[in-house]
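Me: I'd like to learn how to read a fold feature by feature. Could you take me through this one, starting with the strands?

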Amino acid sequence: MYAPERQQEILRLARDGGRVDVVSLAEEFRVTAETIRRDLKTLDRAGLVQRVHGGAIPAGRLDFEPDLAEREGTAADEKDRIAQAALGELPSDGTVILDAGTTVARLAAAIPLETTLTAVTHSLPIAARLADHPGIQLHLVGGRVRHRTRAAVDAWALRAYGEIRADVLFVAANGFSTGHGLTTPDLAEAAVKRAAVTAARRVVLLADSSKHDEEHFARFGDLSDVDLLITDSGLNPQDALAIERGGTEVLRVPGDARTDGRKVLS
């Protein structure tokens, strides 16, 4: 099958199903994931689809949001490596905010038992993981809980974050880029993320490389609001350099966790 024929079929599948994902398309058409990503990029440039985390949706659906179970299984290895690298950013006996997100949840699960911290979160899954940790004083931010993400939003959550000051925020995003900043599909979640950014002295973004250059409906900040981006080596050095020129340090974690992911970008 020639590329234009494959792209036409991908477009049909996206319109029929509301979404396509890279892994399934690669298996169906018996091509590499990189070939499918190029197809999606071509369709995106033509204005026919919108690239989202792990795949694409028909153009005009920037509010699409996969459920928690689907996001948990996407880029699992990369998220695990990012979470392990993020452990080095935990303050000693300090205070952290843990944003709602599957990679941040992996960080929460990986915190060693000997660690002593004050942790604040509006994520029910993260709170459940930390509730029995012997060294963590856990503060759960309340509010209306969104079923899709199990995160508290709206006025209660915003008020709580307006009353604290934390050493580090570990924040998640559905999309990040130098042009569009930090985005997520839901306005209420974006407002809470924005409040959490304001409440922290240092902001660390945990996001795998497939989220780079993705754009979603609700914007909650600029990349310049982020002190450190921890991602995987799928983010190419040129894009990492562009991000660092904006003032954000970039840590690209390689597939081999025994090597140093920090790249010298000059």
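Reply: Helices (H or I, at least four residues) and strands (E, at least two) are DSSP runs, numbered from the N terminus. This is a predicted model, where local features need pLDDT of at least 70 and side-chain atom pairs count only at pLDDT 80 or more, while totals for chains, interfaces and linings use all residues. Residues are numbered from 1 along each chain as its sequence is written, and side-chain values use heavy atoms, with hydrogens and water left out.

Me: Which residue stands opposite Asp21 in E3?

Reply: Gly55 does. Strand E1 (residues 20-21) and strand E3 (residues 55-58) run antiparallel, joined by two bridges. E3 also runs antiparallel to strand E2 (residues 49-52), with four bridges between them, and Gly55 turns up here as the bridge partner of Val52.

Me: What does Gly54 do in the hairpin of E2 and E3?

Reply: Gly54 takes a positive phi near 85°, in a hairpin with two residues between the strands.

Me: Which residues other than glycine have a positive phi?

Reply: Asp213 is one of them, with phi near 70°. Asp213 is found in the loop between E12 and E13. Arg30 isn't a glycine either, yet has a positive phi of about 55°; look for Arg30 in the loop between helix H2 (22-29) and helix H3 (33-45).

Me: Are those two buried or exposed?

Reply: The scale goes like this: buried means under 20% relative accessible area, exposed over 50%, and partly exposed in between (1.4 Å probe, protein chains only). Arg30 is exposed at 78%, and Asp213 is partly exposed at 48%.

Me: How do I read a sheet's order, and which strands stand at the edges?

Reply: In general, strands of a sheet pair through backbone hydrogen bonds, either parallel or antiparallel. Here an open sheet of three strands has the order E10-E11-E13, with antiparallel pairing. Strand E10 (175-177) and strand E13 (218-221) each have a single partner strand, so one side of each lacks a neighbour in the sheet. Neighbouring strands are turned by 30° against each other on average, direction ignored. Axes are lines fitted to C-alpha atoms, for helices over the stretch in contact, and angles run from 0 to 180 degrees between N-to-C directions. E10 pairs with strand E11 (residues 181-184) over three bridges, and one of the partners to find is Gly181, bridged to Ser177.

Me: Which helix lies across E11 and E13?

Reply: Helix H9 (residues 187-198), running at about 0° to E13. Contact, by the way, means heavy atoms within 4.5 Å.

Me: And how should I read the nonpolar core?

Reply: In soluble globular proteins, nonpolar side chains tend to be buried together. A nonpolar core is a set of buried Ala, Val, Leu, Ile, Met, Phe, Trp, Tyr and Cys residues joined through side-chain atoms within 4.5 Å. The largest one has 32 residues, and those with the most contacts inside it include Ile97, Phe176 and Leu229. H9 gives the most to this core, with six residues. Apart from it lies another core, of 26 residues, among them Leu117 and Phe170.

Me: What does Phe176 touch?

Reply: Leaving out residues up to four places away in sequence, Phe176 touches Leu205, Asp213, Leu229 and Ile243, among others.

Me: What lies over the face of Phe220?

Reply: Lys193, at 5.6 Å from the ring centre. A charge sits over a ring if NZ of Lys or CZ of Arg is within 6 Å of the ring centre and within 35 degrees of the ring normal.

Methods:
Two strands pair if DSSP finds at least two bridges between them.
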